[in-house]
Structures are given as structure tokens and as C-alpha cells.
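Please examine the sequence and the structure shown below.

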2 protein chains.
Amino acid sequence: MSLRALGEFGFIRAMRARHPEAAAGSPLRLGVGDDACALKLSPGTELLATCDLLIEGVHFDLATTGPWQLGAKALAASLSDIAAMGGLPRAYLVSLSIPKRKGLDEGFFAALYDGLAAWGQSFGAELAGGDTTRSPGPLVIDICCLGEAEAGRALLRSGAKPGDKAFVTGSLGGSAAGLACLKAPRAKVDADARALCEKRHLLPQPRYLAGRWLLDRKAASSCIDISDGLASEASHLCAASHVGMRLEAQDIPLHQGACAAAKTLRRKALDWALYGGEDYELLFTVPPAKAALVEAEMPRLTGTPVACIGEVLAPRVGLCLRDGRHSRRLAAGGYNHFRA
Amino acid sequence: MSLRALGEFGFIRAMRARHPEAAAGSPLRLGVGDDACALKLSPGTELLATCDLLIEGVHFDLATTGPWQLGAKALAASLSDIAAMGGLPRAYLVSLSIPKRKGLDEGFFAALYDGLAAWGQSFGAELAGGDTTRSPGPLVIDICCLGEAEAGRALLRSGAKPGDKAFVTGSLGGSAAGLACLKAPRAKVDADARALCEKRHLLPQPRYLAGRWLLDRKAASSCIDISDGLASEASHLCAASHVGMRLEAQDIPLHQGACAAAKTLRRKALDWALYGGEDYELLFTVPPAKAALVEAEMPRLTGTPVACIGEVLAPRVGLCLRDGRHSRRLAAGGYNHFRA
């Protein structure tokens, strides 16, 4: 059905119907349908809140991203921020600005809300509200994710100390490789590698269990999620912690599909890892005394691979990358919305 | 300075610098600058959260709205939702999507953030985070406002009972009259009336003290804020409460400036009140036994005028308006984003 035929309030009812009713005992005491949602936090916790804005033509292209994937991905970006604080996701609000255009109909948004619901359920977050308007421009999605963490214990960007080890979860470069594959549908990238990379780009998995484990074990001195490339996020972490950092190129875990795709596409997987975006892994620092614990327990208990990729140094060192015998300063890189 | 010269992170630093640092003991333990904010709720409360999306060309026109007013108004829309729940505003996140265009520079956004900060400080809410991106279309502002209310006691749309009295705070129609005045700059509307209406449209005042009083005194059986016209909001309240309502035309408090402007502009102030938007007053229902308390105490203790404008009836009555001896069904009216 067209949105014009459905009407704004019919739209809200239809999308709300795609989400399971909050179970008895849910912390979301009041969801969609009133002036605000009401969320009961667990005793001893504090609220975490974060917003992520996705703009058609800037963050996604409907030619390569389906509505279900778009819903999942929009929520994943915010869930990843809660994960990077060591938080427990609880609820999310969805603001949508929708252009009048063929194809952006009830079916499209039903799929988008199904994608939201699937990722929300996987990570424990319920649809709690939002706002819906017409757009005279692109499709706009803003997700505000609400979570909780034990009071005063959220993982911050600002606690790294010289001597700490730098770790990342999972592997890097896969999302940027997936985007490159999607933009080159005829390039002869190995089919398995292409599928791995494209899935990685379209359906990112926030590292929520890893963040919870780090908080619970007090294992990390700082943490940030990698949404804009390792170089950019490492430089944010260094700035917030007033430290420098040396990364070891050969220790950065590159996404397997990205390595294969890079050869065919004549690109460098390491550049995708450093300057690509949307991997949604965690970069975190660990005091030396806890490094062995992280390496031994974290993969086993959270199902998350981890790799030590460098060391925190004095601030004067800045952020640098050692590649074989050469060491070079890393530009912060990443995506700058006003300069791109 | 242009945003291109400032850069995305320079922009964030500059806007953050316009907000006072959180005072010691602030419930906002962690504001702008990490992956998420951290907010400590008061004991015995639960979180309230709401989003309001404002799109250039749909919700505002930069020809008639300055950046300072736009910031204040964007926040007011969300604060009004917290007020309608009887909540205490605490923090807000600001998502901005910014087109490349002359005039949308550092000075413009400095004024916008100053407007946000002014309204935030007036109502006790601190800047806590957000997201900033480029826009290939219009300027987009999404505000997510976070507040708290005593657990289980937030004012809902859904508690009205037949026999309850319907009240509104303040006066209605002023914001729509202000918009009409702004669109007719040469019309010979009385200068004082014009100024009153335009101010009402550009700088709405959420009824936060009124909402808090209603919650504290357990005086309201239901409550909603009037952002889309009285007819639309009354119909939402009736639907959520499964009741009908009769409004008395002669008891609806019309904005003084709107009455004067309506004559000159050959419009009806009552239509502005019923079908205009953005008055941000509260519509609430009160059990008969509490009506005298509301009329006696609320204006005195909250500085908010209140008026009894009708009665809650059985659902089969629907929503109707009695004007002299005639009674008619009211169409829900209000702004429908997909049909407008």
C-alpha cells in the first residue's frame, strides 16, 4: 500500500504491529504510542544513550542495500556504540524522514522494521518510539539507542595509559571491501570472498558480548568502536586518553574476504582496515597485567576473536604504524563529513 | 568559518564549547565526547525518552526562522513531550544533517546551539551527545530528549474515564496565527498582536511545571501535549483511553493575539486552535473530585493558566464540539505527514 493511502497514523500502527509486544517483566514499561517511552533501569545501573544518523546518498545506497538490511544496519551502528561502553542494549527510537517516491511504500518499511526487529531481538533492544515525517530530500533514518551499564563503570575512550596493550576484536577491512565489491558487481572477485565481504558490509554484528565481558572483568582501560576505520578511532582514543600509540601492521587482523578481494580489485586490505568504515569491531586497551586474561578468556567466553595489535605510548609519539622495519605517523583519516 | 574549513571534529568541539560543563553532582555523568552519554537517574524514577524530527521545508523555513529560534524550538518540541508525561527533563542528543550551502556556517550553528543551550538550561536539560553528517537535501534536526519520572507514575494518554473533565493549559491558536503572520509580512495585523503571535510560534514554552504538578498531585487521569492542534490531540487521547469527548467551543481559551490577527487575516482563531499546530500546551483530563483542586492550585503554584473545556463521555459519542446550541463531530484534523 502507498504511504499516502496508509496515512501517518496507519503507518505507525502497521510498523508497531511488526514488533512483538513487550513481555511481562520487560524493562520497557511503556513503548510506542504515548508522548514518550518509559524504561525502567536495573538497580545500580545508569543510562547509556547514543544517536546514529543515516542519510541516503551519504551512508547508504538503495541500489545496493535492501530495506531489511538497512534496518538491521541502522540499528547495528547504534548498538555498536552501546557495546563499546560495555553496556546492555535495552530500547531504541526510530526517526524516519521519508521522500515521496515509488517503491518507498508499506512493503519497503515493513521490511525495514523487520530488519530493525531482528537485530533488536538479537541484542535485547525493543522498539520504544520515534518520529515519522515526510522528506523533501533523501530518506533519513536516525536511531537513538538506549542501554544501561553498572553505574560509573562504562568503558570510556579516556583511560588508556602508556604501557597498555592495544587490542581489536574480530577482523578489519571486511566492510570497506564489501562496499568496494558492491560498487564493482562485474569485477571477478572470488565468489566466496565477495559474499563474505558483502555480508560483512550489509549486516554488521555489534560486539556486545565482548564489551560486556570487558566491563565485567574490569579488563579494559579504554574502549571505542571502529565505525570510521582503525586509524580514525585510534586517534580519537589517543586524544581522549592523552597518549600515543604504535600499531604493528603485521598484527592487524585483516578480514579474509578483504584480502582476496583486494588482490582482484588492486587495492590494499590494510588500507581498508585503517581508513575504511563500518567494521563495528572494538578497539580497546588493556593494562599489561590483564593482557593474558584477555587473550585466554575473552575468545572462549564471548566467542569473539581478539588480537593484540600494538602498544600505548607517551603522547609525543602520536599515532604511528610499524610495518617491518619502517614506522610512520598515521593520519587520522576516516570519514570527515564536512570535507568529503 | 565555513564547515569545510572547520571540519567535522572541529565542528563538534566548537559546538560543545558553547555549552557549560556539567556541574559537579549533575546527573549527566558523561556528556558529549564518548561513544554514548551516561546519565544517572534519581532513585525511584524511570527513564522517559522521546524524539522529534524537524525537516527544513516541512517543519521550518529559514526565511522566517533564525538559527537561535530554530534551536530553541527544536528542543521545545521534545521537552513538551517530557512535560506531557509529567517528567523532569535531564539531557538531550542532537542529530544534524547539514547541506552544503552559503550561510550554513559556523556562525549559524553557533547560534543554533546557543538556542538549544538557552532552552535546555531553562528546563534543566544538558547537551549529552548526537551525530553530525552532511546532507544532500534539506537541513535536518532530530532531538532525542531524556527525562525521568517517578517509576510507574508518568502521565499517560490512556487513563481518561467518562465523567472526567477536560482541561487545557494556557491558550491555543497563537502558534498557527504566528505562522500566518510570518507568511503575510505585509498584512496590516496590529503590531502588538503580530509580535505576540510570532513570538508564540518561534519560541514555544513547554509546560513542564504544569506536568510535574499534575504528576505530583495525582490530579490527571490522562495527558497529552498539543503539538498538532487540539482536535488531533483530543482524538489521540480518546483513542488511547477508549472514550469520547465533548469540547465546549466557548470555553476553549483562544490566544489573544490570534483573535486580533484572525480578524485582519479573515481567518478563524478557533480553527487555528483546533487544527493549527505547535502550541505545545497540555490537554489533560481530571476526575470530577479533583477538578476544584486543579482550578484553585495549579495556576497559583505553577504559574500556568488552566481552563476546563469539556467532558469525557462514552466512546460511542466520539469527539465532538458544542458551539452554542449546535454540536458537531470533529474530524481528527491536525497535520498528517503522508497526506499533506
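Two strands pair if DSSP finds at least two bridges between them; strands (E, at least two residues) and helices (H or I, at least four residues) are DSSP runs, numbered from the N terminus. Strand S2 (residues 37–39) of chain A is joined by 3 bridges to S3(B), and the two run antiparallel. Within S3(B), Leu47(B) is the bridge partner of Leu39(A).

The model is predicted: local features need pLDDT of at least 70, side-chain atom pairs count only at pLDDT 80 or more, and totals for chains, interfaces and linings use all residues. Residues are numbered from 1 along each chain as its sequence is written, chains are lettered from A in the order in which they are written, and side-chain values use heavy atoms, with hydrogens and water left out.

The contact (heavy atoms within 4.5 Å) takes 71 residues from chain A and 71 residues from chain B. Salt bridges, in which a side-chain nitrogen of Lys or Arg lies within 4 Å of a carboxyl oxygen of Asp or Glu, number 6 across this interface. One of them links Arg29(B) to Glu46(A), with the closest N and O atoms 2.5 Å apart. On the side of chain B that touches chain A, strand S3 (residues 45–55) gives the most, with 10 residues.

Aromatic rings of Phe, Tyr and Trp (its six-membered ring) pair if their centres lie within 6.5 Å; planes under 30 degrees apart count as stacked, over 60 as edge-to-face and the rest as tilted. Over all chains, the structure holds 12 aromatic pairs. The ring centres of Phe11(B) and Phe109(B) are 5.6 Å apart and their planes lie at 80 degrees, so this pair is edge-to-face.
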